[in-house]
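Hello,

Here is the structure I said I would hand over. My notes on it follow below.

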Amino acid sequence: SFQIEGGKTTVRADQPLRFILQSQRGRYVSLVNVYADGRVMVVESNLQISAGTSVRLPSDAHLGDLELAAAPLHTGKSTIDVYLALVSKQPLSLGFHGTGLDVLETGETEYALNRLMGLLDEVEDLIVAGVVLVVEP
């Protein structure tokens, strides 16, 4: 199962976001955010998880001193964000992976939804779970 920590699907701008993923099998998990305008940001890639465990995403190791926070696409307007957990047997080749959350504004405009969809179409035995969030200003 995949859900937002706290269970709310409507969040406020600047609210910290964490997700919980439970897996019955040992796999690799990547977390991506798909913005309403088609931009895609890789939040976490290829975190190895053990069978029968739950993990928080993004992981503490990935975040360091940073945090993932909700943000509307346009100032003063609500936005819908889709977060996808990609669970695979082997590490994914995320060729469009950015340099991290610390340079979000620099990297996020480079990635397009069509490239992500192409990747999803190519990977065998991929499990995709999603959470749709409404981000209020």
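Three strands form an open sheet in the order β1-β3-β6, with antiparallel pairing; strands here are DSSP runs (E, at least two residues), numbered from the N terminus, and two of them pair if DSSP finds at least two bridges between them. β1 and β6 stand at the edges with a single partner strand each, so one side of each has no neighbour in the sheet. On average, neighbouring strands of this sheet are turned by 20 degrees against each other, direction ignored (axes are lines fitted to C-alpha atoms, and angles run from 0 to 180 degrees between N-to-C directions).

The model is predicted: local features need pLDDT of at least 70, side-chain atom pairs count only at pLDDT 80 or more, and totals for chains, interfaces and linings use all residues. Residues are numbered from 1 along each chain as its sequence is written, and side-chain values use heavy atoms, with hydrogens and water left out.

On the pairings, β1 (residues 2–4) and β3 are antiparallel over three bridges, and F2 has L21 in β3 as its bridge partner. β3 is joined to β6 (residues 53–57) by five bridges, also in the antiparallel sense; there F19 has L57 in β6 as its bridge partner.

As for burial, four of the five residues of β3 (residues 19–23) are buried, meaning under 20% relative accessible area with a 1.4 Å probe, protein chains only.

One further residue: V43 lies in strand β5 (residues 40–49). V43 is buried, because its relative accessible area is 0%. V43 and L31 are twelve residues apart in sequence, and their C-alpha atoms are 5.3 Å apart in space.

Regards

Key:
Buried means under 20% relative accessible area, exposed over 50%, partly exposed in between (1.4 Å probe, protein chains only).
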